[in-house]
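Here are my notes on the model you sent over, written as numbered points. Have the structure open while you go through them.

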Amino acid sequence: MTELSKTQTTLNQPEPTKPPRSQWLDVWDQFKTHKGAMMGGVLFILIVAGVYLGPFIWDIDATQIDIRSRNQGPSWAHPFGTDQLGRDLLARMMAGGATSVSVGITAMLLALFLGSFVGVLAGFFKRLDGPLMRLTDLFLALPLLPLLLVMMLLFREPLNAAFGLEQGIFILIVSAIGITSWMPTARIVRGDVLALKEREFVLAARSIGTTNSKLITRHILPNVLSPIMVSATLGIATAIITESALSFLGLGFPPDFPTWGRLLFDGVDYLQQYPERVIWPGLAISLTVLSVNYLGDGLRDALDPRIRGR
Amino acid sequence: ERGSDGNVNIIYWQAPSILNPFLSGGTKDGDASAIILEPLARYNQDGELVPFLTTEIPTVSNGGVSEDLTQITWKIAPGIKWSDGSAFTSADVKFTADYCMHPEGGCAQLTKFDGVQSVETPDDMTVVVTFDKPTPFPYGPFVGGESPILQKAQFENCMGAKAPECTTENFGPIGTGPFVVTEFKPNDVITYAANENYRDPNKPAFATVTFKGGGDATAAGRAVMETGEFDYAWNLQLAPEVIAQMQEGGKGTPIAGFGPLVERIMLNQTNPSPDLPEGERSTAKHPHPFLQDPAVYKAMSLAIDRPLLVEIGYGQAGAVTCNWVPAPAAVNSSTFSCDTQDIAGANKLLDDAGIVDTNGDGVREKDGVPLKVVYQTSTNAVRQDFQALIKEWWSQIGIETELRNINASVFFGGDPGSPDTFQKFYADVEMYANTFNGTDPQSYLGNGICDKAPRPESQWQGENISRFCNEEFDALHAELTQTADADKRAEIARRLNDIMVENGGMIPLVHRGRLSAHANTLGGVVLNVWDSEMWNIADWHRKTGS
Amino acid sequence: MLDQPIAQIKGLRVEFQTKDGPVVGVEDVSFEVNPGETVCIVGESGSGKSVSSLSLMRLVEFGGGEIAGGKLLFDRRDGGEMDLANADQELMKQIRGNEIGMIFQEPMTALNPVFTVGRQLTEGLRVHKGMSQKDAEARALELLRQVRIPEPERRLKQFPHELSGGMRQRVVIAMAMACEPRLLIADEPTTALDVTIQAEILALMDRLKRETGTAVMFITHDMAVVAQMADRVVVMFRGNKVEEGTVQEIFENPQHDYTKALLAAVPKLGEMRGSKEPSPMKLMGVEGQNLDPIPGTNEVLLRVKGLTTRFPVKGGFFRRTISNVHAVEDVSFTINRGQTLSLVGESGCGKSSAGRSILRLVEPMAGEIDLDGVDIMKLDQGGLRKARLDMQMIFQDPFASLNPQMQLLEQVAEPMRNYGVASGSELTDRVANLFDRVQLPRSFMRRYPHEMSGGQRQRIAIARALALNPKLIIADEAVSALDVSVQAQVLNLMMELQAELGLSYLFISHDMAVVERVSHQVGVMYLGRIVELGPRNRVFENPQHPYTQALMKAVPIADPNKRKSEKDLNFKPIPSPIHGLDYSPEPSKYNEVEPGHYVLTTDSGY
Amino acid sequence: MLTFTIRRLVLAVPTLLFISLVIFMLLEFAPGDPMAQVPLTVPPEVKEKMREALGLGQPIHIRFWKWIVQFFWIEPQVLIDYYLGTSFSEGKLRVISWQTRSPVMDIVVQRIPQTLWVVGTAYVVAIIIALPIGIYSAYRQYSWFDQLGTFVSMVGFSVPPFFSGVLVIVIFSVQLGWFPSIYDTTLVVNSWESFVKQLQQMIMPVMVLALQITAQLSRFMRASMLDNLNQDYVRTARAKGLSEYVVVMVHVLRNSMIPVVTVIALGIPAIFGGAIITEQVFKVNGIGQLLIGAIQANDLPMVQTLTFIFAVLIVLFNLIADVLYGILDPRIRYD
Ligand SMILES: Nc1ncnc2c1ncn2[C@@H]1O[C@H](COP(=O)(O)OP(=O)(O)OP(=O)(O)O)[C@@H](O)[C@H]1O
Ligand SMILES: Nc1ncnc2c1ncn2[C@@H]1O[C@H](COP(=O)(O)OP(=O)(O)OP(=O)(O)O)[C@@H](O)[C@H]1O
Ligand SMILES: [Mg+2]
Ligand SMILES: [Mg+2]
C-alpha cells in the first residue's frame, strides 16, 4: 500500500510548471525570430527615420530652386542629383517621403479600419449584411474622380479653415483615399467571417456568454487577420500611388509639395535622359511596400499559433 | 499622284469626338474635320487669307466688300464637287449659315456669324453676306478652319434641336476636302480615304489617313520622333529637354509656329478674400488691397526671369513677351521691354512706394495688409514649374505666395457652383494661356472691357477675368469697332494692349508657339497657327528616297 | 499467421519545437505489431499514443514534430521490410491509406468541411485501387453500411457538419478501412460511439482482422474495449512504454503501478446495482475520500416540454430545403436541482441536438424550456446571455470548440471575463485552480489547442464550463475522450461539485458504466425521442423498452474472458430521421410502468 | 439558395436605381462643365447656348427621369430592333453623349472588344499565373521561390502603370523596336499575320496590367492557403495517401478560395471598367479611356451610363461571389 501510494504520488505529481507569460511577449518572441519581419521592420524604421529625421541632417530645402545647377546627376553637393529647376532631389525625396509615408499609412489604416469594420459587421450580423453590402456596392460603383471633386468642393475650405492649409489638405486626402478604398477589404473580410461564423468554437464562445462585440474582437478578428494583413500591404501601395494620381489631377497637395508619387510621375517624362529621377521615388515606394509586407507577414505568422514555434 | 503614297499616320493626344466642328469647339475636332470640310477661304502660315473654294478674297478694293462695310460677296470657284459627286453651290453656303445660326442648335462657332443679318444666294456661284452694321473685318463667316461649309443635302434634317440626333452625319460629313471618312470611332481613331472627287486630280498624295487620338503628348512625340510609328504629332507641350531627347531618335523633326497665344498671369483687381461674404468675393464691390498698386504689379513683373521661363518651359516653342497680343506682327506693341529680371529694381520700387516689411516676417505690408498672394493655375507640369520659380522670385521681393493647382476640367469649366473656376478667380493671381482665332484681335481685345467682368449676376460668365476696368480702354475699344483702316486698327490694338499691361490687368509671361512634329519622311507639312494644322494635308506626301 | 511482424517500433523518440524549447512527445517506445493481431495501446492522456501512431504514418512532421530517434520498421505488402523513419514522402504516399490506414481521434476537424462525405471516402479508393467513380461510390456505400450509418445513400451527399459526432467518427473509420490496409491504426475510434454501434464496429474490425490478416493498432483508454479486442496490450505513461503483455496478463496480473491504477479506475457496469443515488468512485491512493452518495433535491431546476428541433435538408442545384432531419422530436423531461439526468442512445439519435436546443445554441422549433423559473424560449439575446450564466455546455468535439488562435489561459478565463466575475491576478488564480481541478499542468496555460492531446483538450473544455459555477451543465460526451484514471478524477470532481454546490447535470454519454455511476435519472433516446425515462436503478435493472434492452446487452465488459461474440449482436438497421416537409409526427405518449419510470408507447421505429 | 438568388436579384433593382440616383446626384454636384474643353476663344454666351442645346437648362429631376426612360426603356428597344430588325425605337431619343452627340451605347459597344482583348486577357493571364504562384509560395513558405515571388509581386504592385507602362515602351518599343508603342484599334484579326500583330500590340499592356493583378491575387491566395495548410483535415487527406498535389490543390485550395473568389469577383467588373491608366499609356482607348475622357469632358450621360453599367456588373458579380461562397463552403447559409 505504501508502495502504491508512493507511485500514486509520483503519478499525480504535476509536471514542472512555468509561470504563464503574456501573449504579446510571445508574439514578440516569435516576431524577433522571423528574419523577414525583422528585416522589414528595420527597413521600415530606416525609411521612416530617413524621411522624418533626414531633413535635420541634410538641411537643403526641398523647394529651394538653384537654377544654375538644374538637371544634374548625382554629386557630393546633390547625392541624388537635381531636377529640372535645380531642386535637390535628396531633399525632395525626404520631404516627399514624409508626406507619402504618412498619407500611405494613415489612409491605409483608415481604409483597413473601415473595411474590416464593415466586413465584420456584415459577415456577422445577418441583418446588416444586405444594407452594408449594398453600400459597398454603391461605393464600388461610384466614379472616383467626380467623388473626389465633390469632396474637395465641399470640404477643402472648411478643413483649411479649421486645421490650416497643410493639415486640412492632409486630412482631406487621407479621408478621400480611405473612403474610396475600403470596399475590397470589406468584401474579403465579410467572406471569411461568413465561413468563420459557422465554426463550432464560435458557438462555444456564445454558450459561455461572450457578447457579440467580444466575440468579434476575440474570436473572429484574429482569425481573419491574414487577409487583413494582405490588404494592409497592398493598401499602402495603393494609397501612395492614389495620392500621386490626386496630385496630378490637381486634387492633391499644393504643387510645391513634393510627394513620392508625384516625383515619380514627373520623372517619367525624363525616363531616358535622367533615369535616376524615376529610380529614386520608384525604389522608395517599392521598398516601403516591401518592408510593410514583410512586417505584415511576420506579424501574421507571429499571431498564428500553429506556425509559431517553427 | 493621287493615292500613290499609301497611308499617313497622324496622332493627336486628344481624341476627336465628333467631325462636325459646329457642334464642338475643340481644336482636335476642328482639325479632324478640316481633313474633310473646307471653308471658302483660309489663312496661310503667315496669317494671310487665301481662297480655297472661291476665286479670290473679296476686299473693298476689288469690290467684294461694299464701301459701307456691311456686305461681302463671295464668288465660288467653278467645278467644285462634294465628295459624293454632287456640285457645290451657294445654297450649301447659305445653309451652313442657317445651320449655325439656328437658335436651338447650340452652334459652337456662332461668333463667326456675329452681326450677320442675312446670307443671300443670287445665283449658284455667288454668296452675299450682309451685316447689321459696318464690319471692318468681314471675314468671320465661312473663313478659316472653324467655319467650313456643310452639305445642305446631308444636313438638311439636322437643324436646331435635331442636331445631336444626326449621328451618321456628324460622324461622316460629306465635304469638299481631300479625304473622306471611312470609319469614325469617336474619341479613338478615324480613318480616311482620298476623295475621288477632289478638285485637284493629283492630290492628295496619300491614299488613306489614320488619325489616332488619345494618350499624352510624350507618347505622341515618341511615336513620331523615336519609334517612327506615326508621321505627325500635334501640339507637343513638353519640356525642351524631352523634345531634344526625342529628336535624337532621328525619326522626326519638331516644327514650331507662333500665333497670338500668350501665357500670362492675371492679376485680380478685386478682393478674393474668403472672409468676404459669398457673392461679394472677387467682385467689383471690393477692390484688391494691393494688386492695383502699380508698384506692386510692376515689381512682380520685374522679378520674373522670362527668358528662363521660356528655356525651362517651352524652348523653341516659346518667346519672351511683354504683350497681351504679340501677334500678328502688326499689332505687337514694342512699348515695353521685360527680358531681364531685376530683383533689386523690383525691391527698390516697392521700398520707394513705402511698401515695406514692417513686422519682420519677410513679407512686405501695404497699409497693414501683408503681400500674400494665392497663385492658382491648372494642373500641368510646365505650369507647376513656373509656379515654383515665380513663387521663389516673388519671395525675394517680399511677396509670399501660396500655390494652388486645379484640375483643368474644373478650372476651365464654367460651373458657377465651383469655387475653383478661372472665371470665379477666388485667388489673387492666376496663370493660363489665351489666344484668338484668325488674325483680327478686335473681339479678343474686348476681353478687357469693364462690363465683361464675371459677376454673380452674370452667373460668373464673362471674359474679363481680371475684372479690369478702365474708361480709356473701353472708349478706345469702341473706337476700334468703328475703324476700317488696317493700320489705324493695328495702332489702336497696340494701344489697348499697352493700357492693359500698364495698368496691371495682367503680367504677360511667354509668347507660346505651337510645336508639332512630323516624320522625316513626310513632306509638304507647313505648320499653320492661324488655321487648322491640317489645312494643307492635300499637299502632304511621302518624301522620295525614303 | 506469418511470424514476421508487420510493424516494429524501436526506440522511437519524437520531439516538438515549441517556444519553450523542445517538448518530448514520445520519449522511448518500442513494440511490434504482428499480422492478424490487435495491439491495444492504453495509457494516460497525453502519454504519446497519438504521436506514436502519427509517427508511424510519418505525419508528425506536418504537425511540427520531428522523429528524433528510433526505427519504424514496416513490412511492405510485397515482402520487403523498410524503415519508415527515413522513407521519403513519395513512398509514404503509397503506403499511407493503402497499407496503413488511420482513424483519427477528432472526427470533426479530421474531415474536410467543404467536401461531401462521399467525395472524401472515394478519394483514397480511386488513388490506390484505381477504381472508377462509380465503383468507388459503390464501395463507399458498402463501407458506410458496414459502419452502420443510417441511410448511407443520403450521407454520401452530406457535408461533415450535417452529421452527428458519431456519424462523423464512423465516416473516418470507413475512410481508414476503405483500402483494406494491412495495418490499421485506430486512435480512439469508438469514443464518440454508443455501445451498440461500438460493438458493431469492434466486430467489424475483428472480422477484418480474421479474414484479411489485418493487424490493428488500437489506441483507447476504454479498458472494456481493450478486454474485448486486444491480443496484446501496450501500456504507455508519459512518453514511455511501461508495460507490455497479452490481455490476460495485463488484466489478471498487472505489473506496473500505473497499470494497476488504471485498472482500478475502470468503472464497471453493475457496480452501483442496488443503490439509488450516485456516489464518487473510490480512487487508488487517495486518502480521505468522501464517498457519500449524492442525494440531490426534489426541487425541479429544468423542465423541458415537447422540445422539437429539426434541421433542413438542402438539395438540388440551388440547395433548397427538400426535407427535414427530425433530430429532436417531442422530448420532455425534468432535472432536479443537484441531480443528474443522463441521456443515452444511439449515435445520431439527437442527444447533442437536444442539449444544444436547451441552451438555444440551435433554435428549437417548438417546446418549452424552463430553467429555474426562467422561460428560456422567450428570452431575447441579452436575456439569453444572462441565462447562460446559469447553464453551460461542454461540447462533444473539444478541438472544434476551442479557438485555435487563443491561449488556453484566455479561453478558460473568457467566461469569467464575460460576466466580470473576476479580473487581474484573481482571474489567473482561478484559472490556475481550474487547471488543477481538471488535472492539467499549469504550464499548459499558455499553450494553444493544437499543441494538446485529445484528452487534454477535453479537460480544457470542462474547465471552461466549470468556470462560472453554473446551475446546470450540459456535458456532451464530456469524459469519453479521457483515459480512465483522469476520467475517474473528472467524474469525481463533477460529483463533488454537485454535492457541494448543488449543480445539476444533463449528462450525455454512451458509456453505460459511467452513466450508471453518475446519474440519478436516465433517459434513453432513440430517433429523436426519449423511449424510456426513469430513475437510474430502475432503468438499468428493469429495462422495459426493447431498445434499452438491446443497449444493455451490448455494453462491453472489462474482462477479456467475457468477450462477446459477433452473433450476440444482432441489431436492426436504424430508420431514417429524415422526413418530407409535409410529415407530421405523432406526439410522444408514455406508460408509467413503475413510479417515475416511463416507457414510450408511441411507435418509435424500433 | 434559389430563393436567396431570386430575392437578391429582385432587391438589386431598387438598389441599382438608388445607385444610379446617387451617381446622378454626384455628377450633378461635382464641379465641372461640359464646356470645359471648348477653347477660351468661344465666348460665354455661345457656351451658354451650347449648354442649353444639351438640355442642361432643364431641372435635375426631369433630366434624371429622362435618363431613366432612355436607358431602361428605349435602349432595350434598340437592342431588340438590332437583333430582330423591328423598329420599336424609331424616332425615340436614346442616351446621347454630349461629347460626340451620338448614342452612348453605340460607343460603348464599339469599345468593348478592345477592352476585353487587353484587360480581359490580362486578367486571365494574371489568374493563371497568380494562383499557382500563391499556392506554391504558401506550400513552400519562406523558400527562395516564395521570397522571390513576394519580392516581384510587391515591387510589381508598388510600381504604378504610368511608370511601368512607359518603362516597357521605352525598352521594347524605343530601344528594341519589338512591339508597337501605340495600340491599333482598327486592326482586324482575320489572318495569321494580323493575329501576330494583335499579339504584339497586346503584349505590353497585358504585361503591365497582369503584373498588378497577379501581385494582388497571389498575395491573397498565399495568405489564405497558409491559413488552411495546417488544419487537421489536411492530415487526414495525407493519411489517405493522397499525393501532395491532390492534398494541396483539392483539399486546401477549395477551403482557401473564399478571399480569392472575392478578389476575382471584384476584379471582373473592373475588366469592363477598363484600366484607365494603362489604356491611356498604350492608347488602347477602351472603356477606361472612354470613362476618363468623359469625366474630363463632363460628358454626364456617358459617365452616368458607364458607371451604371459598371454598377450592374458589380452587383451581379458580388451576387455570383455570394452564391459561390455557398457552394465553396457548405456551412455558409443564406436564409
Ligand atoms: N503539436 C504539438 N506541439 C507540442 N506538443 C504537442 C503537440 N502535439 C502533441 N503534443 C504533446 O505531446 C504529448 C503526447 O500527445 P499525444 O497526442 O500523443 O497524447 P495521447 O496519448 O494521444 O493522449 P489522448 O489520449 O489524450 O489523446 C502531449 O503532452 C501533448 O501535449
Ligand atoms: N447542422 C445540421 N444540419 C443538418 N443535420 C444535422 C445538423 N446537425 C445535426 N444534424 C442531424 O441531426 C441528427 C442528430 O444529431 P446529433 O448531433 O444531435 O446526434 P447525437 O445524438 O449527438 O449523436 P452522437 O452521439 O453521434 O454525437 C443526426 O441525424 C444529424 O445528422
Ligand atoms: Mg490522442
Ligand atoms: Mg452528439
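1. Chain A has 13 helices and 0 strands. Of the 310 residues in chain A, 62% are buried. Bear in mind throughout that this is a predicted model.

2. Which residues join chain A to chain D in a salt-bridge network? On the chain A side they are Asp129(A), Arg134(A), Asp137(A), Arg187(A) and Arg190(A), and the network also takes in Asp322(D). Over all chains, the salt-bridge count comes to 57. As a general point, side chains of opposite charge can pair when their charged atoms come close.

3. Now ligand 1, which sits among residues of chain C. The shell around ligand 1 has 22 residues, and those that come nearest are Ser45(C), Gly46(C), Ser50(C), Gln105(C) and Gly455(C). Several backbone atoms are in polar contact with ligand 1. A polar backbone atom of Ser47(C) is 3.2 Å from an oxygen atom of the ligand, one of Gly48(C) is 3.0 Å from a ligand oxygen, and for Lys49(C) a backbone N or O atom lies 2.8 Å from an oxygen of ligand 1. On its own, ligand 1 has 640 Å² of accessible area, and the protein covers 92% of that. Three elements of chain C give two or more residues each to this shell: β1 (7-18), α1 (49-56) and α16 (454-466). By class, the shell around ligand 1 has 14 polar, 5 charged and 3 nonpolar residues.

4. For Cys349(C), a polar backbone atom is 3.3 Å from an oxygen atom of ligand 2, and for Gly350(C) the corresponding distance is 2.9 Å. Ser352(C) uses its side chain: a polar atom there lies 2.5 Å from an oxygen of ligand 2. The protein covers 90% of the 630 Å² of accessible area that ligand 2 has on its own.

5. Glu594(C) pairs with Arg538(C), and their closest N and O atoms are 2.5 Å apart. What does this pair tie together? Glu594(C) is in strand β22 (residues 590-594) and Arg538(C) in helix α19 (residues 536-541), so the bridge links parts of chain C that are 56 residues apart in sequence. Glu594(C) counts as buried because its relative accessibility is 17%, under the 20% cut-off. Arg538(C), at 26%, is partly exposed.

6. Next, the salt bridge between Lys260(C) and Asp257(C), where the closest N and O atoms are 4.0 Å apart. Is each partner buried or partly exposed? Asp257(C) is buried, at 13% relative accessible area, whereas Lys260(C) is partly exposed at 29%.

7. Glu244(C) and Lys241(C) form another salt bridge, with 2.7 Å between the closest N and O atoms. Glu244(C) has 30% relative accessibility and counts as partly exposed. Lys241(C) is also partly exposed, at 30%.

8. Last, the surface of chain D. Which residues make the nonpolar patch here? Leu79(D), Ile80(D), Tyr82(D), Tyr83(D), Leu84(D) and Phe88(D) make it, and the patch is about 750 Å². One of them, Tyr83(D), lies in helix α3 (residues 60-84) of chain D. Tyr83(D) counts as exposed because its relative accessibility is 63%, and the cut-off for exposed is over 50%.

Technical notes:
Residues are numbered from 1 along each chain as its sequence is written. Chains are lettered from A and ligands numbered from 1 in the order in which they are written. This is a predicted model: local features need pLDDT of at least 70, side-chain atom pairs count only at pLDDT 80 or more; totals for chains, interfaces and linings use all residues. Side-chain values use heavy atoms; hydrogens and water are left out. Patches are made of residues with over 30% relative accessible area and no salt bridge: like charges are joined within 9 Å, nonpolar side chains (Val, Leu, Ile, Met, Phe, Trp, Tyr) within 5 Å. Accessible areas come from the Shrake-Rupley method with a 1.4 Å probe; for residues, only the protein chains shown count as cover. A salt bridge is a side-chain nitrogen of Lys or Arg within 4 Å of a carboxyl oxygen of Asp or Glu. Helices (H or I, at least four residues) and strands (E, at least two) are DSSP runs, numbered from the N terminus. Buried means under 20% relative accessible area, exposed over 50%, partly exposed in between (1.4 Å probe, protein chains only). A residue is near a molecule or strand if one of its heavy atoms lies within 4 Å of it. A polar contact is a pair of N or O atoms within 3.5 Å; within protein, one must be able to donate a hydrogen and the other to accept it, and residues adjacent in sequence count only if both atoms are side-chain atoms. Ala, Val, Leu, Ile, Met, Phe, Trp, Tyr, Cys and Pro count as nonpolar, Asp, Glu, Lys and Arg as charged, and the others, Gly among them, as polar.
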